Amino acid sequence: MPLKTLHPTFQNKQVLCLQCKACGKSVCTRGMRAILLANTQVELYSTDIPPREAVDFIGSDYATSSCHCRIKDVACLICGNVVGYNVVLPCKSCLSSCNNGHFWMFHSQSVDVVSRVRIAKNGGMQLMVWKHLPDVDADSALSCHNGFEVETDECCR
């Protein structure tokens, strides 16, 4: 989903980096804290792009127990830990709910979270929020280390 069309409810949410809890592998640099639409007691994380070179599909897709979505589990490529799932076919109920448009989900108990930061206009660091996140093609984040985002131009200095 282009950031320009992201619902205003989500514009000021923090951008998070997610790491596999079992091995520490970075699985996502564009994460958002979320709740399961079909059960708001379930906290998880989501992202707007497929986490390539970090996770892969395992098993077959299946129906969820709380709605009619079809999902497929994803596991860390390094250790095989199941870290989340992809909504391969969202149900009408979930699509009609207020949602962030993300279909890649991560279980909160399977990942560790690090806040992503950006360099502010005054040269200081500030937490990155989704309205400041570059489009996928322009996002130059290399990784998150100790809570700081390392930008390409910062690495080259």
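Strands are DSSP runs of at least two residues, numbered from the N terminus. The model shown in these views is predicted.

**View A. Ala 38 sits in a loop between two strands.** Is Ala 38 buried or exposed, or partly exposed? Its relative accessibility is 31%, so Ala 38 counts as partly exposed. Leave out residues up to four places away in sequence, and Ala 38 touches Ser 66 and Cys 67. Ser 65 is 27 residues from Ala 38 in sequence. In space, the two C-alpha atoms are 9.3 Å apart.

**View B. Phe 57 and Trp 104 form an aromatic pair.** The count of aromatic pairs comes to 1. The ring centres of Phe 57 and Trp 104 are 5.6 Å apart. How do we class the pair, with planes at 35 degrees? Planes under 30 degrees apart count as stacked and those over 60 as edge-to-face, so what falls in between is tilted. The pair of Phe 57 and Trp 104 is therefore tilted. Phe 57 belongs to strand S4, residues 55-57, and Trp 104 to strand S8, residues 104-107. The pair therefore ties together parts that are 47 residues apart in sequence. Phe 57 is partly exposed, at 37% relative accessibility. Trp 104 is buried, at 13%. Lys 72 also meets the ring of Phe 57: its charged end sits over that ring, 5.2 Å from the ring centre.

**View C. Cysteine sulfurs approach one another, yet there are 0 disulfides.** Take Cys 23. The closest cysteine sulfur to its own is in Cys 76, 3.6 Å away. Cys 23 is partly exposed, at 35% relative accessibility. Now take Cys 67. Its closest cysteine sulfur is in Cys 69, 3.5 Å away, and again this is too far for a bond. Cys 67 is buried, with a relative accessible area of 17%.

**View D. The largest nonpolar core has 14 residues.** Which members touch the most other members? They are Leu 18, Val 27, Tyr 45, Val 55, Val 83, Phe 106 and Val 111. Strand S1 (16-20), S2, strand S6 (70-76) and S8 each supply at least two residues of this core. The largest share, 3 residues, comes from S1. Look next at Phe 106. Not counting residues up to four places away in sequence, Phe 106 touches several core members, including Leu 18, Val 27, Tyr 45, Val 83 and Val 111. Its contacts also include Cys 28, Leu 44, Thr 47, Pro 51 and Gly 84. A second, separate core holds 10 residues, among them Leu 44, Cys 69, Ile 71 and Cys 91.

**View E. Asp 112 and Lys 21 meet in a salt bridge.** The whole structure holds 3 salt bridges. In the one between Asp 112 and Lys 21, the N to O distance is 3.7 Å. Where do the partners lie? Asp 112 is in strand S9, residues 111-115, while Lys 21 is in the loop between S1 and S2. The pair therefore ties together parts that are 91 residues apart in sequence. Asp 112 is partly exposed at 33% relative accessibility. Lys 21 is partly exposed at 44%.

**View F. Arg 30 and Asp 48 join in a buried salt bridge.** Their side chains meet at 2.8 Å, N to O. Arg 30 lies in strand S2, and Asp 48 lies in the loop between S3 and S4. The pair links distant parts of the chain, 18 residues apart.

**View G. Asp 61 forms a salt bridge with Arg 70.** The closest N and O atoms of this pair are 3.1 Å apart. Asp 61 is partly exposed, with a relative accessible area of 33%. Arg 70 is partly exposed as well, with 29%.

Note on methods:
Residues are numbered from 1 along each chain as its sequence is written. This is a predicted model: local features need pLDDT of at least 70, side-chain atom pairs count only at pLDDT 80 or more; totals for chains, interfaces and linings use all residues. Side-chain values use heavy atoms; hydrogens and water are left out. Rings of Phe, Tyr and Trp (its six-membered ring) pair if their centres lie within 6.5 Å; planes under 30 degrees apart count as stacked, over 60 as edge-to-face and the rest as tilted. Helices (H or I, at least four residues) and strands (E, at least two) are DSSP runs, numbered from the N terminus. Buried means under 20% relative accessible area, exposed over 50%, partly exposed in between (1.4 Å probe, protein chains only). A charge sits over a ring if NZ of Lys or CZ of Arg is within 6 Å of the ring centre and within 35 degrees of the ring normal. A disulfide is a pair of cysteine sulfur atoms within 2.5 Å. Contact means heavy atoms within 4.5 Å. A nonpolar core is a set of buried Ala, Val, Leu, Ile, Met, Phe, Trp, Tyr and Cys residues joined through side-chain atoms within 4.5 Å. A salt bridge is a side-chain nitrogen of Lys or Arg within 4 Å of a carboxyl oxygen of Asp or Glu.
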